[in-house]
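I opened this notebook to record what I looked up in a structure that was new to me. My entries follow the order in which I went through it.

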Amino acid sequence: MFVLVEMVDTVRIPPWSFHRQLNEAIAEELNKKLANKVVYNVGLCVCLYDVTKLEDSFIFPGDGASHTKVHFRYVVFHPFLDEILVGKIKGCSAEGVHVSLGLFDDIIIPPESLQQPAKFDEAEQLWVWEYETDEGAHDLFMDRGEDIRFRVVDEVFIDTSPTGPSTEKEAPSAATAPPAGAEDSAPQKEAPYTLIVRILDIAIMSI
């Protein structure tokens, strides 16, 4: 679930931090920059593990800060494929069951990866497993807060770096009125890192 990733970055130390130990100041700046951030195709950064190499520091004209190239290892949340994890059901939607691990929430079980037969209860906004027994079918609801065991089957990284304005869009004509509700329709924020998982046969655990 957690891996050590070797990274290299140039760390800027402002002048008011020169009185501190260099390693301490660098560790703080690296955690400010990376902790709780998703690095594309790497995973969710958790915390600095250690610094393996410090190169020479430089002060550039017009900037009183020091700039140091740093080689370091960082603890990253990045489960491997087919890894089995235990989380809690965060909520349900027509897209599937949303699961949380506490430190990471962008986990989804799509409908086809649920225990079958399954249906989505619109009134309760919950997925229901229609469990077959000798006495007939029983509806087992996937309630929020329940522990659930699942297997990682895929991962999706999306580059959410800011981009400039599109040059292809033309300016709206003054005679054309915007459609009703256009002001309220803001683009949905995409998760930079999502785990696609499959529920296991005995997955919802009661304590």
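A salt bridge is a side-chain nitrogen of Lys or Arg within 4 Å of a carboxyl oxygen of Asp or Glu, and accessible areas come from the Shrake-Rupley method with a 1.4 Å probe, with only the protein chains shown counting as cover for residues.

I kept in mind that the model is predicted, that local features need pLDDT of at least 70 and side-chain atom pairs pLDDT 80 or more, while totals for chains, interfaces and linings use all residues. Residues are numbered from 1 along each chain as its sequence is written, and side-chain values use heavy atoms, without hydrogens and water.

I found a nonpolar surface patch formed by Met1, Phe2, Val46 and Leu103, which together have about 310 Å² of accessible area. Leu103 lies in the loop between strand E6 (96-100) and strand E7 (107-109), where strands are DSSP runs (E, at least two residues) and helices likewise (H or I, at least four), numbered from the N terminus.

Next I looked up the open sheet, whose four strands come in the order E1-E4-E3-E2 with antiparallel pairing; two strands pair if DSSP finds at least two bridges between them. Its edge strands, E1 (2-13) and E2 (38-39), each pair on one side only. Twelve bridges join E1 to E4 (residues 66-77), and Val3 stands opposite Val76 in E4.

Technical notes. Patch = residues over 30% accessible without salt bridge, like charges linked within 9 Å, V, L, I, M, F, W, Y side chains within 5 Å.
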